[in-house]
Amino acid sequence: MSDDNLFSPFKLNNFTLKNRIGVAPMTRMSSPGDSIPRRDVLDFLVRRAENGAAIVYTEAIVTDYESAQGYPKQARLITQRQIEAWKPVVEAIRKEGAVSIMQMFHCGRMAWPEINPAARAIAPSAVSPKQKNPLTGEPYPVPDSMSTFDIEHVITGFVETARGAIAAGFDGIEIHGAHGYLINNFLSSYSNRRNDEYGGSVDNRYRFAHEVIQAVRRVVPTDRLLTFRVSNWGIADMEVSLYADKMEWQQIIKMLSAEPIDAISVSTYDYSAKAFGTDQNMAQITRQVTNLPIMICGKIYDRATAEDALRDADIILSAKSILLNPTWVDDIRRSRELPVHKSEDANVAYTDEPLA
Ligand SMILES: Cc1cc2nc3c(=O)[nH]c(=O)nc-3n(C[C@H](O)[C@H](O)[C@H](O)COP(=O)(O)O)c2cc1C
């Protein structure tokens with residue numbers, strides 16, 4: 001692939017991206033009270049568009065006021081006030097020629113009952129992560145196994161949040177099916193021990209994701225984007241492979257490819273790492289079984305890694321590098337020497353300190 005590929009346009013549904021670089025979704029925990037992010041956090045997103053990113057993802061927005069929240073001060077997008085707060089942000093991103101995508105999730109067994117108005121954690125099965133919650137130092141609570149009522153109620157939260165994003169003018173919506181949160185809890189046998197139609201076989205474990213996608217697509221017009229994020233790792237018990245093997249991962253990707261979605265976003269810790277004991281990386285394993293556009297993320301920090309990652313994907317996303325460097329896209333364009341950042345470097349994202 002030529003060096004120009006990174007800065008070549010890419011057609012994603014009705015949108016023509018001006019290049020192949022996007023801002024990955026990043027939680028900022030800056031929304032106390034009204035669940036609206038701090039002014040500087042919203043401005044940060046616009047600045048990334050100004051610097052040339054073709055896609056700007058929001059932080060993961062929680063889908064309800066009941067059990068979805070896993071971290072303090074998270075954002076929501078279901079009240080008129082919240083919608084009004086995002087409108088100018090979306091407009092400013094569009095003015096820069098970038099595409100805005102709202103990512104949404106329910107934290108599932110990673111939820112934190114103390115900060116959820118219903119004081120509940122819910123998940124496919126009553127199994128908590130082995131690891132303690134790093135923010136509280138306490139074990140994660142054993143979640144309630146979700147009833148059919150819970151499942152329908154949670155899907156409504158995804159739909160309402162998508163409607164909020166459409167009302168705010170977002171170009172796209174992403175369903176967060178990665179990182180060990182609720183949808184991922186259903187997909188993975190590590191957290192799904194159900195023996196009803198939502199558990200057991202891969203088809204059954206996939207059912208919840210399917211129902212969420214179908215319900216959300218109904219309120220997302222076909223000229224807007226719907227993307228889905230997947231990963232083989234979760235925030236808690238990070239060393240665990242959430243899918244049994246390459247075949248199981250590919251089964252999920254094939255099922256996703258039959259859905260009315262516009263792209264699959266594959267989240268990794270290192271895009272180049274070989275996966276599932278094969279000599280292929282996650283993007284290659286995904287590409288083998290889908291014709292959907294693929295976004296890839298994980299340790300892409302300079303021009304060489306960006307170009308290399310793009311060999312197996314259509315779009316690259318950056319989190320830490322673009323978080324810590326407001327001119328990252330331009331620096332990539334100029335092939336500047338750039339550092340690799342450690343996870344700890346990104347903790348500044350969660351402080352009150354405005355980022356450049
Ligand atoms: C501060 C921070 C917040 C994050 N929040 C989210 C999030 O809300 N949703 C999500 O899907 N991933 C989230 N991630 C993961 C990133 O999107 C990305 O997948 C990961 O950091 C690897 O990319 P990188 O090596 O470019 O940082 C977050 C990462 C960081 C550093």
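**Aromatic pairs and their neighbours**

At 0% relative accessibility, F186 is classed as buried, because the cut-off for that label is under 20%. F208 also has a relative accessible area of 0%, so F208 is buried. Keep in mind that the model is predicted.

In this model the count of aromatic pairs is eight. A pair of aromatic rings is described by the distance of the centres and the angle of the planes. Take Y71 and Y181. Their ring centres lie 6.4 Å apart and their planes meet at 75°. That angle is over 60 degrees, so this pair counts as edge-to-face. The two partners come from distant parts of the chain, 110 residues apart. Y71 sits in the loop between strand 4 (55-62) and helix 3 (80-95). Y181 sits in the loop between strand 8 (172-176) and helix 5 (182-187). Both Y71 and Y181 are buried.

Now go back to F186 and F208. These two form a stacked aromatic pair, with 4.3 Å from centre to centre and 25° between the planes. F186 belongs to helix 5 and F208 to helix 6 (residues 202-217), so their pair ties together parts 22 residues apart in sequence.

Ring pairs can also join into a group. Y71, F105 and Y181 are linked by ring pairs into a cluster.

Finally, look at the charges. The charged end of R28 sits over the ring of F44, 4.9 Å from the ring's centre. R76 lies over the face of Y65, with 4.2 Å to the ring centre.

Notes:
Residues numbered from 1 in each chain as written. Predicted model: local features only at pLDDT ≥ 70, side-chain atom pairs only at ≥ 80, totals over all residues. Heavy atoms only, no water. Phe/Tyr/Trp six-rings, centres within 6.5 Å; stacked < 30°, edge-to-face > 60°. Helix = DSSP H or I, 4+ residues; strand = E, 2+ residues; numbered from the N terminus. Buried < 20%, exposed > 50% of the residue type's maximum accessible area, 1.4 Å probe, protein only. Lys NZ or Arg CZ within 6 Å of the ring centre and 35° of its normal.
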